[in-house]
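Let's walk through a protein structure together, one feature at a time. Have the sequence and the 3D view ready, and take your time with each stop.

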Amino acid sequence: QARDLMLRSVEQLRQIHGPRAPQVGGALTGLALAREDSGDLEGARADFTEAYSILQGTGPEYAKARIEAVTGLAKLANLRGDYADAERMHESVLKERRASEGPESADIAMDLMNLAADSLYSERYARSQELAQQAHAMLERTVGPRHARNIYVDNVLGLAQGNAGDIDAGIVTLRGAVELARATLQPGAMMIGNVIGSLG
């Protein structure tokens with residue numbers, strides 16, 4: 001339903017503002033996210049690509065949509081195993097976000113987590129652990145230790161610790177992530193299963 005509504009929004013914005021208007025790029029990012037959530041990864045990739053093409057060079061008011069488009073493309077690159085391409089895109093997102101938000105924010109912490117995940121997938125475990133620890137510390141400073149974003153960061157951190165050889169630390173981190181996931185997410189949320197799987 002969300003995807004169909006976003007598609008109508010994109011079509012109407014094209015009619016009102018023209019096919020290459022930044023408003024269309026912003027709406028395409030939302031449509032791509034809805035497609036991704038509904039399992040249409042190829043459709044999502046096409047929409048993210050078009051959104052970024054439109055939003056490149058637009059002003060700071062479209063920074064969030066531009067960042068979402070690149071982050072979406074990076075996630076899809078990781079899913080197809082192109083970790084270097086994903087890392088390059090995540091680096092560009094981090095650079096743009098720091099330019100617009102300063103050195104620290106909860107979103108910058110998630111960008112660091114994405115880079116930690118890129119390193120984890122490409123088996124650079126020490127680098128992954130270092131980046132995930134930076135993300136963990138930044139989240140604690142910006143939103144506190146009980147915010148749900150910590151679940152995602154600590155999932156990566158625990159896997160990086162375990163793969164780097166510090167199994168005990170990884171278990172402690174992932175047990176904490178499971179506890180926080182059960183306390184803050186809806187019962188049956190996919191992320192609860194993800195962190196239990198990581199702990200296993």
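A residue counts as buried when its relative accessible area is under 20%, as exposed when it is over 50%, and as partly exposed in between. Keep in mind that you are looking at a predicted model. With those cut-offs in hand, find Tyr121: its relative accessibility is 41%, so Tyr121 counts as partly exposed. Now find Tyr83, which has a relative accessibility of 29% and therefore also counts as partly exposed.

These two tyrosines belong together. A search of the whole structure turns up 1 aromatic pair, and it is formed by Tyr83 and Tyr121. A pair of aromatic rings is described by the distance of the centres and the angle of the planes. Here the ring centres are 5.6 Å apart and the planes make an angle of 35°, which gives a tilted pair. The pair links distant parts of the chain: Tyr83 sits in helix H5 and Tyr121 in helix H6, 38 residues apart.

Stay on helix H5 and look for Arg97, which is found there. Is Arg97 buried or exposed? Its relative accessibility is 10%, so Arg97 counts as buried. Which residues does Arg97 touch, leaving aside its neighbours within four places in sequence? The contacts are Ile67, Gly102, Asp107, Ile108 and Asp111. With Asp111 there is a polar contact, side chain to side chain, at 2.8 Å. Asn150, in turn, is 53 residues from Arg97 in sequence and 19 Å away in space, C-alpha to C-alpha.

Next, turn to the empty space. Rolling a probe the size of a water molecule over the atoms shows where empty space is left. The largest pocket holds about 1200 Å³. It is lined by 31 residues, and the closest to its centre are Glu36, Thr71, Lys75, Met113 and Asn114. Several helices give two or more residues to this lining, among them H2, H5, H6 and H10. Sorted by class, the lining has 15 nonpolar, 7 polar and 9 charged residues.

The second largest pocket has a volume of about 170 Å³. Its lining includes Tyr52, Arg66, Ile67 and Glu96; you have already met Ile67 as a contact of Arg97. Which helix gives the most to the lining of this second largest pocket? The answer is H5, with 5 residues, and H4 supplies at least two. By class, this lining divides into 6 nonpolar, 1 polar and 3 charged residues.

Note on methods. Residues numbered from 1 in each chain as written. Predicted model: local features only at pLDDT ≥ 70, side-chain atom pairs only at ≥ 80, totals over all residues. Heavy atoms only, no water. 1 Å grid on protein atoms, 1.4 Å probe; cavity = no way out; pocket = protein on both sides within 12 Å on 5 of 7 lines; lining within 4 Å. Points joined across faces, edges and corners; volume = space filled by probe spheres on them. Helix = DSSP H or I, 4+ residues; strand = E, 2+ residues; numbered from the N terminus. Nonpolar A, V, L, I, M, F, W, Y, C, P; charged D, E, K, R; others polar. Phe/Tyr/Trp six-rings, centres within 6.5 Å; stacked < 30°, edge-to-face > 60°. Buried < 20%, exposed > 50% of the residue type's maximum accessible area, 1.4 Å probe, protein only. Contact = heavy atoms within 4.5 Å. Polar contact = N/O pair within 3.5 Å; in protein donor to acceptor, adjacent residues only side chain to side chain.
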